[in-house]
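Visitor: Hi, could you walk me through this structure? I'm new to this.
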Amino acid sequence: MTKSSDDASSKGSSDNKVDIKQQIEKSVVDIEQDVEASDEQEETSLDSENVVVDESPKLNKTSSPSEKHVETAVVNKKTPISKLAILSLILVLLLAGAAGYGVDKYMKEQVAQQAKIDALVAKQSSVIDDITNHLNQQVEELQTRNQSLTQELTDNVETQLASQQQSQTLINQKIAELSGRRPSDWLLAEANYLVTIAGRKLWQEKDQKTAAALLATADKRIAEMHDESLINIRRALAKDIATLSALPQDKSQDIALAIDGLITQVDNLKLNTVTLPDAVEDETQESTADASWQDNLKQTWYSFVDGMITITKRESNVVPLMSAKQRWYLEENLKNKLVQAQLAVYRKQQQAFTSSIEVSRTWVLQFFDREDSATTFMLDELAKLEKASITVNYPRDLLSRNLIGDEVVRRNISSAQGMER
């Protein structure tokens with residue numbers, strides 16, 4: 001668009017210049033023709049005058065300076081300027097000025113118009129560049145979004161294919177397991193599950209009765225299979241059942257409850273008190289008149305001294321009376337020691353349990369009244385607890401557990417393995 005406008009403007013200006021040039025050349029030609037015509041007229045007049053001038057020298061060859069001046073004037077008079085030439089020259093000058101002004105004005109208009117055209121072209125090119133950049137940005141965003149969607153679809157398809165392949169693999173495994181499985185394998189799987197639960201009951205809950213019952217149920221399930229190849233498993237189950245049945249009963253809960261009862265009876269215990277002997281009347285013989293005054297004085301003195309000072313001999317240690325604060329400390333310490341024994345029962349710490357019971361029994365014997373019924377009951381219970389055993393040596397493993405687990409793996413019973421986990 002810019003190139004075509006430039007060509008049009010340049011073509012218009014060149015045409016105007018050609019027209020003006022032609023007009024100028026035409027006027028110049030007209031002027032030359034007028035000048036030539038005027039020259040011809042002057043030549044004819046000069047020829048006539050020259051004839052007159054040339055005759056004068058013939059008459060008088062020697063002339064004075066004044067005569068020479070007359071000749072130059074005549075000669076100057078011979079070449080007059082034509083008015084038509086002057087008029088033509090003025091006309092040419094006016095035409096040239098007008099043409100120059102017109103050309104200058106036209107060129108200025110062309111420059112202004114070209115500037116406007118250039119501004120419009122620049123603005124149009126800027127708008128086109130903005131539109132192009134915006135379209136390129138949108139194209140890039142669409143390409144990026146298309147790539148992300150394509151990648152996401154590809155990932156989803158790959159994930160679904162992987163999941164389908166995994167499902168197909170599991171189905172194939174199930175089919176293979178079912179094809180090689182025996183009709184009675186579910187009984188073996190149940191027996192394996194019962195043995196596993198029996199082990200957890202034994203080691204986590206210390207419940208040997210429930211564990212032995214579960215093992216007996218597992219033996220019945222295996223017996224229902226009527227499979228002679230499982231005789232070793234049944235033999236191991238019988239040994240495990242006998243081992244659990246021979247274990248001593250865990251009386252930890254009973255012992256802990258018994259200690260709870262003793263703790264509540266501490267406040268009912270009576271302390272030992274000092275027992276003073278009864279006053280014995282002094283059977284002194286009355287003084288007789290027959291006794292001498294020395295004997296009477298001695299008897300009176302002994303009676304006075306015996307009344308003031310009494311000496312009693314005891315074989316056991318005499319414990320002084322306690323204040324209320326000291327008695328509270330004694331009772332709380334005894335309760336604390338019994339609580340320590342109870343904690344030792346829960347933690348299966350036989351030595352700590354026995355030591356706490358012994359210290360408690362010693363304190364009861366030393367500080368409380370043995371003839372009181374509450375003290376007697378406390379001492380009897382503590383004596384029983386001293387002989388109690390709170391630990392049971394459970395077997396580390398069951399013989400049947402490993403055998404039945406190996407058989408389940410050999411028969412590839414995955415459902416039983418799942419229950420075991």
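Guide: Here is a short tour, from the whole chain down to single residues.

Visitor: What am I looking at, and how is it numbered?
Guide: This is a predicted model, where local features need pLDDT of at least 70, side-chain atom pairs count only at pLDDT 80 or more, and totals for chains, interfaces and linings use all residues. Residues are numbered from 1 along each chain as its sequence is written, and side-chain values use heavy atoms, with hydrogens and water left out.

Visitor: How many helices and strands are in the chain?
Guide: The chain has 13 helices and zero strands. Both are DSSP runs, numbered from the N terminus: helices are H or I with at least four residues, strands are E with at least two.

Visitor: What share of the residues count as buried?
Guide: Of the 421 residues, 22% count as buried. Buried means under 20% relative accessible area, exposed means over 50%, and partly exposed lies in between (1.4 Å probe, protein chains only).

Visitor: On to helix pairs. At what angle do H4 and H5 pack?
Guide: Helix H4 (residues 185-204) and helix H5 (residues 208-223) pack at about 170 degrees, with axes 8 Å apart. That makes H4 roughly antiparallel to H5. Angles under 35 degrees count as roughly parallel, over 145 as roughly antiparallel, 65 to 115 as roughly perpendicular, and the rest as oblique. The axes are lines fitted to C-alpha atoms, for helices over the stretch in contact, and angles run from 0 to 180 degrees between N-to-C directions.

Visitor: What classes of residue make that contact?
Guide: The contact of H4 with H5 has 12 nonpolar, three polar and three charged residues. Ala, Val, Leu, Ile, Met, Phe, Trp, Tyr, Cys and Pro count as nonpolar, Asp, Glu, Lys and Arg as charged, and the others, Gly among them, as polar.

Visitor: How do H6 and H12 cross?
Guide: Their axes come within 8 Å and cross at roughly 155 degrees. H6 and H12 are therefore roughly antiparallel. H6 passes H12 in a left-handed crossing. Left-handed means the near helix is turned anticlockwise from the far one by less than a right angle; right-handed means clockwise.

Visitor: Which residues meet there?
Guide: Asn232, Ile233, Ala236, Leu237, Lys239 and Asp240 in H6 meet Leu399, Ser400, Leu403, Ile404 and Glu407 in H12. Contact means heavy atoms within 4.5 Å. By class, they divide into six nonpolar, two polar and three charged.

Visitor: New topic. Where is His226?
Guide: His226 sits in the loop between H5 and helix H6 (231-246). His226 is not a glycine, yet its phi is positive, about 55 degrees. Most residues other than glycine have a negative phi.

Visitor: Is His226 buried or exposed?
Guide: His226 is exposed, because its relative accessible area is 71%.

Visitor: What about Lys348: what is its phi?
Guide: Lys348 also is not a glycine, and its phi is positive, about 60 degrees. Lys348 lies in the loop between helix H9 (324-347) and H10. At 31% relative accessibility, Lys348 counts as partly exposed.

Visitor: Last one. Where is Ser356, and what does Ser356 touch?
Guide: Ser356 is in helix H10 (residues 350-367). Ser356 counts as buried, at 6% relative accessibility. Not counting residues up to four places away in sequence, Ser356 touches Lys337, Gln340 and Ala341.
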